[in-house]
Amino acid sequence: MELLVKNGFVYDPLNGIDGEKMDIAVKDGKIVEKVNERKAKKIDASGMLVMPGGVDIHSHIAGSKVNSGRLLRPEDHFKDFEPKTPITRSGVGYSVPSTFTTGYRYARMGYTTVMDPAMAPLEAKHTHEEFNDIPIIDKASYPLLGDWWFVLEYLREGRIEECARYVAWMITSTKGYAIKLVNPGGLETWGFGHNVRGLDDQVPYFCITPREIIRGLCKVNKLLNLPHTIHVHTNNLGKPGNYVTAVETMKCVEDLALENKPAIHITHCQFCAFKGDDWRTLESGSEDIANYVNGHSHATMDMGQVIFADTTTMTADGPFQFALYELSGNKWVNHDVETETSGGIVPFHYRRKSYVHAVQWSIGLELALLIRDPWKIFMTTDHPNGGPFIAYPKIIAWLMSRKARGATLKKVNPRARSRSLLPSIDRELGFCEIAIMTRAGQAKALGLKDKGHLGIGADADIAIYNVNPETTDPSRKYKSVRRAFKQAANTIKDGKIVVNDGEILKHVGGATMWLDVQTLEPIKITEEMKRKFKEYWTVEYENYPVTEHYLEVSRPITVKADV
Amino acid sequence: MNENAKLQVTLLTGRTIEQGVGKERGKASMEYMESVSVCYMDPEDLRRLGVKEKANILVSTNYGSVVVKALKSLRTPHPKIIYIPYGPWANVLVDPETHSIGMPSFKGIPAEVEPALDKPLLNMKELLKEQFGKE
Amino acid sequence: MPVVKAVTCPVCGSLCDDIELTIEDKEIVKVKNGCAMCESKFLNYNGKHRIRKPLIRKDGKLVKATLKEAVRKTAEILAEANYPILYGWSSTSCEATRVGLELAEEVGGVIDNTAVVCHGPSLLSVQEIGISSCTLGQIRHRADLVIYWGSDPWSAHPRHIERYTTFSEGRFERSEWRGYVAKIKASIGRKKIESVLRRLFLKKKPTVPSSYLEGRVCPTISREGRKLIVIDVRRTKSAEMADYFIQVEPNKDYELLQAFRALIRDQELDVDKVAGVPVEYLEEVSDAMVGCNFGALFFGVGLTMSRGKLRNIDAALSLVRDLNTRTKFIIMPMRGHFNVAGANTVSTWQTGYPYAVDFSLGYPRYNPGETSVVDVLMRKESDAALIVASDPVANFPRKAAEHLVENPLVVVDPHMNATAHMADVVLPSAFVGIEASGTAYRMDHVPLPLKRVAEPPRGVLPDEEILRRILSEVRKIKRKKQVAAEAQ
């Protein structure tokens, strides 16, 4: 099928296009140079924004943790549901939406690619089964590897190449996309109810430190030539004073970066940008972090913006979630996974009038505005930890408009307001910078060659938003910008029009992307590995890997490793 | 033997390994029926009732009554507690009240036991016919 | 003779995946590593109780029919119903449940799984309290204290202790199997000596202090290594393996749980006994709970089915949550059917709710007590029922089963069971995990593949495929109706 998107204001930062009025031609699901104008279906985008489909680098949308969150929160669903239509399946929201609803809601906002950032390898099949039920958007997931016993043992012994081969085996076996580290070392320590306190604290029984794990996996990542960097949720997350840990974490791989290429991604940075000694003296650490990032080129990050709403926090960081339970007294789920990782869930309400929550809200925006290069920081809420992803249009408005920030700032806790850096920041982002932070930058950081841009050969994932950059000043008219990004005028996925004015037109299955990491010699299942398997896990070796049978729309990406 | 002996007891229902093996063999099998149409009792209670092991007894609750075969429990002592494995026989007796949460009461139900030497132990088909009038 | 290794056993929630089957002439002739239930299933599944042809009730009798007729009849029943029940799901694959949910949505029915009469209260409690849990390997590696409460793994999950808890070999904790064998030997030896003494002195048998009820001094739990505690209303087979057994009076679990909550906070109890158990015993156990490095509490339907139901679980979940401020402690329900956890899981990801989901308004609604199947039946609201891989006539209280039997009733099952006897349409299906592949979730939510190791009887399809055919037939009927309505 051929398609022609006509006369839109195109924002395609990866190809240097900044609001030019032009046509985008689509054929067989790809962007092409031109199509037969008479035969092609035409979409009139005049007076509208045309961008690549949105890309989300970090959003918990599927898998055992997310599903435990759904189970835990019936009250979250009662107030927000979507009935079945002749085209769509029914479902529920709000902070942990059911699978179908997740796909539709992303698509309505013009998003077409979403990365689930935390998959316990042992439960990888669950993530992939849910992916099959998340329509429209393309998906991938990062296996949690920072506390895997194989990694801890091989890194401790300095057997980096063997470690790399096992990681390659693991990524391919779980159909994963990147190496995820969560509170490295801390999760193994949580197995007996404790935690590590910093980069140089030893993991009990394993004689290895978080610093060694991060550096080791950073080297492994390079040996394997993975498209994304290591994706790190730092130690000490959610604790006052932890901005130091965040900066140290970036510093500890400084020397491993090559040719100014990124070597590490610090995720939901807002949660590790706290200054102060305790919750009373909490302050923003955003300036220190922004200064470091502005002076270095080896790190990218995403915001983890807080939204004032009732949400559900969920991370693999078991000890952090327990601390949050003790702090809030809310219901608490813990789920440790043998030999690999842990996880926790606590519902949480971010309130405008709370000092701490208001400071957190401010930190996220400060980071995004103080870091000068939009290719280094991406827009996320760490869905649903900072708030549900449906709040993205609000964040876009805050980033584009000082007035929007002021309007919210007026309503927050007065002490937090008086300490916020936001009034001192004049910067207002333009549509091009928004396009970078919501799609182009994220696709680039992920190494997704066919996503996040509208160049010839790219996947025909396109979002059209009904706002005219020539006549609308986002700084003043932030509300119309917010409205436009909430409901895309059109979302096009693989060349098919799937959304029209926020209404789903087609229920199509999105693909699952995964890395087929090919080592120099094919990985043989050694006797050592089989023995360890028996000892470490309670499932048989044969039943562990995720076979391709589990992926209804499988999109492997081949990676040639150096080991 | 005492024909008028009646015993007030607490009824528990649950799983036994024999029931587990029987159900995998097939719900229409003899093994299954033999594993679930029984009632495990404390030997003391059997004595009080004046019946021997494997005698037919009638168990009644507010919800129904059914004839089952009395067996000596190996898990003694549990005076005044009787145990019937999950199955159609137990279900005649259990409390359907869900207390508004969807879950009937399968354990800890007040019940009465009496000898029933003259009453037959029904097989699965007969029991279903008696209870639901269908076959 | 081909041997198939690493087969997942489709019987209980332990989902052992190390079964080895020997196959001869397309038949399973030998089962290695399995328990009694596992062997019984793999060796006998294809016996004389198998349904081989679809059946439809005509003039009060079930008679043979073609698959097409039976599917057509089922679709008619479901399409015409206002409020059908779709029940079962815990003994089939997640893939089948996925289709089942779509079918329930299409016909606007209520879909419920067997958790409702099993661990439904546990799920309700988790929604109130949360749960501190983990996968079973974590217990194998770390637990030095294991408690089974209202659960008899020896009978219901025979390999649970050997594979995952006290008798398994972990990284930080060793198996207690040898200690147990020594204990058994000692006990047999003691019995022999006793019997010799009896004969020698022709005395009455010496009283064996079999339980604390006889006023013996409270034993201490001082042993090194892994400890096993069993708490139950009966002295179950599992209780006999335990280092410590506490016999609670029926329907008094709640009191005992709350007593433990007080004790682990170092509060004194002002009574001598709780639920029939002397307080010194409880203090001993609560000291063991606080003093362990990693404790695990497994609970069975002994807690969910007796008085208090979900409140018992509230107390148990709270106890374990509280214990986490002192040490590491986890809690896990002992799920019965091999894929009941999977049925909950799939239902939750598609609808947000684990069971008792009502689609009658076009979107998922959940209110156990109202939308749960036993309550729907007791109110006599349903007007059709589809039962997949379950036997509610044998498992529901009679009063509830009565209305079910009055409904037009369709059963999809490999075996002729009590419900199938009562049905209007019976669709034979392949055994999931033997004749059909798929996925199941272990009690700790670890997904495992189910293998196809044998051929189903000719013409017999897996649940998933049967449901797909019913769904497409239902859609055809509805489309026709719509066209007819528009024409008028």
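1. A residue is called buried here if 20 or more other C-beta atoms, placed from the backbone, lie within 10 Å of its own. On that criterion 12 of the 14 residues of α13(C) are buried, among them Leu310(C), Arg311(C), Asp314(C) and Arg321(C). The helix covers residues 310-323 of chain C and reaches 20 Å from its first C-alpha to its last, close to the 20 Å expected, where the expected span is 1.5 Å times one less than the number of residues.

2. This is a predicted model, in which local features need pLDDT of at least 70, side-chain atom pairs count only at pLDDT 80 or more, and totals for chains, interfaces and linings use all residues. Residues are numbered from 1 along each chain as its sequence is written, with chains lettered from A and ligands numbered from 1 in the order in which they are written.

3. Helices (H or I, at least four residues) and strands (E, at least two) are DSSP runs numbered from the N terminus. In chain A, helix α12 (residues 355-370) is mostly covered, with 12 of its 16 residues buried, including Trp361(A) and Glu366(A). Its buried residues pack against β15, α10, β20, α13, α14 and α15 of chain A, a contact meaning C-beta atoms within 7 Å.

4. Chain C holds an open sheet of 9 strands with mixed pairing, in the order β5-β4-β20-β19-β18-β6-β7-β16-β17, where pairing requires at least two DSSP bridges. The edge strands are β5 and β17 of chain C, each pairing on one side only. Within the sheet, β6 and β18 of chain C pair in the parallel sense over 4 bridges, and Leu86(C) stands opposite Leu386(C).

Notes: Contact = placed C-beta atoms within 7 Å.
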